[in-house]
Amino acid sequence: VAQQLAAQHGARVSRLSLVCTWLAPDQYLENFCSLLRDLSRELDDDALRLRLIDFVALGPRMPERVSLTEIVAEQLAAGPAHPKDAVARQWDLDRTIDTIEIASQIRCPTQVMWGSEDRIIPAAQAQALLSRISGATETRLAGVGHCPMLEEPDTFVAAIRAFAEPS
């Protein structure tokens with residue numbers, strides 16, 4: 001949505017940060033999303049489903065600091081888990097998102113942020129975005145997975161601020 005807004009209504013977007021996103025589906029994404037879709041449909045235990053997704057999404061440092069069981073307990077305390085069918089539909093939708101044409105139309109300053117340990121979005125996807133968006137800058141967060149805002153919130157906010165508020 002953010003890419004489309006920036007491409008089609010550029011005057012309304014002064015800066016754009018794309019965090020852990022991809023340009024177009026590839027075989028890796030197809031395999032990954034299909035696997036998690038199928039597991040989401042089969043697992044009736046919300047806590048187990050969340051532990052699996054968190055284990056894949058979080059970089060290696062987060063589970064070294066806190067147990068996945070604690071992370072999932074916090075998630076479930078914030079509200080019920082999404083219904084498993086809704087989660088499966090989201091994984092199916094994710095497999096269809098293709099922004100190749102949109103990305104090349106983005107003209108505003110753009111930050112492409114990704115975690116060096118992201119197991120959901122490979123580095124090649126960040127590189128593809130960088131090559132399609134004229135003048136885009138790369139922000140690679142070392143040791144972080146797919147959820148930098150959870151894994152390293154201070155680092156994440158500092159990177160967004162540095163880009164959004166240039167000196």
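Visitor: How many helical turns separate Arg49 and Asp46 in helix H3?
Guide: Helices are DSSP runs of H or I with at least four residues, strands are runs of E with at least two, and both are numbered from the N terminus. Arg49 and Asp46 are three residues apart in helix H3 (residues 46–57). So their separation is about one helical turn.

Visitor: What kind of model is this?
Guide: Residues are numbered from 1 along each chain as its sequence is written, and side-chain values use heavy atoms, with hydrogens and water left out. Local features need pLDDT of at least 70, side-chain atom pairs count only at pLDDT 80 or more, totals for chains, interfaces and linings use all residues, and the model itself is predicted.

Visitor: What is the N to O distance in the salt bridge of Arg49 and Asp46?
Guide: A salt bridge puts a side-chain nitrogen of Lys or Arg within 4 Å of a carboxyl oxygen of Asp or Glu. The side chains of Arg49 and Asp46 meet in one, with N and O at 2.7 Å.

Visitor: Is Arg49 buried or exposed?
Guide: Buried means under 20% relative accessible area, exposed means over 50%, and partly exposed lies in between (1.4 Å probe, protein chains only). Asp46 is partly exposed at 30%. Arg49 has a relative accessibility of 4%, so it counts as buried.

Visitor: Which residue forms a salt bridge with Glu30?
Guide: Glu30 sits in helix H2, and its partner lies 65 residues away, in the loop between H6 and helix H7 (100–103). The closest N and O atoms are 3.0 Å apart.

Visitor: How many salt bridges does the structure hold?
Guide: Arg37 forms one with Asp38, with N and O 2.9 Å apart. A network links Glu30, Arg37, Asp38, Arg41, Asp92 and Arg95. For the structure, the count is nine.

Visitor: How are H2 and H6 oriented to each other?
Guide: Axes are lines fitted to C-alpha atoms, for helices over the stretch in contact, and angles run from 0 to 180 degrees between N-to-C directions. The axes of H2 (residues 27–42) and H6 (residues 84–94) come within 8 Å and cross at roughly 170 degrees. Angles under 35 degrees count as roughly parallel, over 145 as roughly antiparallel, 65 to 115 as roughly perpendicular and the rest as oblique. H2 and H6 are therefore roughly antiparallel.

Visitor: Which residues touch Ala6, not counting residues up to four places away in sequence?
Guide: Ala6 is in helix H1 (residues 2–8) and is buried at 3%. Its C-alpha atom is 7.5 Å from that of Arg107, 101 residues apart along the chain. Contact means heavy atoms within 4.5 Å. By that rule, Ala6 touches Val13, Leu16, Ile106 and Cys108.

Visitor: How many disulfides does the structure hold?
Guide: A disulfide is a pair of cysteine sulfur atoms within 2.5 Å. The sulfur of Cys20 is 7.3 Å from its closest cysteine sulfur, in Cys147, so it is too far for a bond. For Cys33, the nearest cysteine sulfur, that of Cys147, is 14 Å away. The number of disulfides is zero.
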